[in-house]
Amino acid sequence: MGIPGSLRESLNDPAFWARYTFAAEDGPGADRLGGLEDLLDDDDDDDDDDDDDDALSVTFDVGGGHLIALDVNTRLDSYELGITGPGSAGWAGLGWDDLAHWHPYALRWSELDLICRAVAVRDPLLSHPGVPLALLCRFAAVFEDDDVDTAVAVVDAAYAALRPRGWTGYWPSGADWLERADFRGQKVVWHRDEAGNLWAEQDDDHDADFYSTRVTPPAEAEEHFPHARLRNLLAAAATTAATGSRP
C-alpha cells in the first residue's frame, strides 16, 4: 500500500511529469519542454513496446478501510483510477486516461480536494496540496459552480511542492491542468438523487466532449460507474477530514 519506491523517485523528475501529463505527446505544456524533448525521444527509442513491467499501483487511504487506487504505466501512456473498500470489496474502476479512448473525468473538484485532505490526515507525509493531488488531478474537472481560481492555485501548489530546488526547465502547472479539466460553458449538467449520488449529462452544442463513465443514473450504472461505493468513500473521507482520524 502507498507509493512504490520507484515511483517516489520519479516524482521530482521533469521527464516523468512530461509523460504523465501528456506534455510529451503535445498536451498542455508541450511548448515549454525545451531540451527535455530530445531526452524523451531518446527514451522512446529505447522502449520495448511489448514490455509493461513498468506498471505501478498507488493507493491512498482516506479512512474506514476505503482506498483510492491509481495504476500508472508511463511506458504505455495509460493511467487508471479506482477504489477499494473495506472487507472483501475489490477494485471498482472510476475512469482511465490514455491516448486512445480516454474517460478520465471521474471526480468533481470538491471531491478530489476532500479525498486529498483526508489522505493528508491519514498520512502526514502526504501533505495537501502535494503528491496525491498532483497524481490524481487528471481525473477531476471543474464546472460553473467551482471556485476555479482556487482550484488552479491548489494544483499549481501541488506541482510546485515537488519541483526540485533550482530547476528552471519544464514543470507542470495548474494552468496546464485547467486546459484539460475546464468544462465551464460545455453544457455539462449534474444530477443528484435522494441518496446523494451525482452523475452528469452533456447537452448538445458544446466544444469539448465530457468523456466520463459517470454519466448514467445509479439504477442503470452498475456496469459503468460504482456510485454507491464512491459515495461511501467520500463519506469516509469527510469523516476523516472532520475528525482528524489517523490509524
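These legends walk through close-up views of charged and aromatic contacts in a predicted model.

Residues are numbered from 1 along each chain as its sequence is written, and side-chain values use heavy atoms, with hydrogens and water left out. Because this is a predicted model, local features need pLDDT of at least 70 and side-chain atom pairs count only at pLDDT 80 or more, while totals for chains, interfaces and linings use all residues.

**View 1. Arg32 and Asp176 form a salt bridge.** Here a salt bridge is a side-chain nitrogen of Lys or Arg within 4 Å of a carboxyl oxygen of Asp or Glu, and the structure holds ten of them. For Arg32 and Asp176, the closest N and O atoms are 2.7 Å apart. Arg32 lies in the loop between helix H2 (14-20) and helix H3 (36-46) and Asp176 in helix H7 (residues 174-181), so the pair ties together parts that are 144 residues apart in sequence. Helices (H or I, at least four residues) and strands (E, at least two) are DSSP runs, numbered from the N terminus. Asp176 is buried, with a relative accessible area of 10%, whereas Arg32 is partly exposed at 34%. Buried means under 20% relative accessible area, exposed over 50%, and partly exposed in between (1.4 Å probe, protein chains only).

**View 2. Asp113 and Arg117 pair up within helix H4.** The two residues lie in helix H4 (residues 109-122), four residues apart, about one turn of the helix. Asp113 counts as buried at 18% relative accessibility, and Arg117 as partly exposed at 36%.

**View 3. Arg184 meets Asp182 in another salt bridge.** The closest N and O atoms of this pair are 2.7 Å apart. Both partners count as partly exposed, Arg184 at 37% relative accessibility and Asp182 at 24%. Elsewhere, salt bridges that share partners join Asp97, Arg138 and Arg180 into one network.

**View 4. Tyr20 and Tyr79 form an edge-to-face aromatic pair.** Rings of Phe, Tyr and Trp (its six-membered ring) pair if their centres lie within 6.5 Å; planes under 30 degrees apart count as stacked, over 60 as edge-to-face and the rest as tilted. By this rule there are 15 aromatic pairs. In the Tyr20 and Tyr79 pair, the rings are 4.6 Å centre to centre, with 65° between the planes. The pair links distant parts of the chain, with Tyr20 in helix H2 and Tyr79 in strand S3 (residues 78-84), 59 residues apart. Tyr20 is buried, with a relative accessible area of 1%, and Tyr79 is buried too, at 0%.

**View 5. Phe143 and Trp190 also pair edge-to-face.** Their rings are 5.5 Å centre to centre, with 75° between the planes. Phe143 lies in the loop between strand S6 (140-141) and helix H6 (148-160) and Trp190 in strand S7 (residues 188-192), so the contact ties together parts that are 47 residues apart in sequence. Phe143 counts as buried at 2% relative accessibility, as does Trp190 at 18%.

**View 6. Arg138 sits over the rings of Tyr20 and Phe22.** A charge sits over a ring if NZ of Lys or CZ of Arg is within 6 Å of the ring centre and within 35 degrees of the ring normal. Arg138 lies 4.5 Å from the ring centre of Tyr20, and its charged end is 4.8 Å from the centre of the Phe22 ring. Ring pairs link Tyr20 and Phe22 into a cluster with Phe16, Trp17, Tyr79 and Tyr159.
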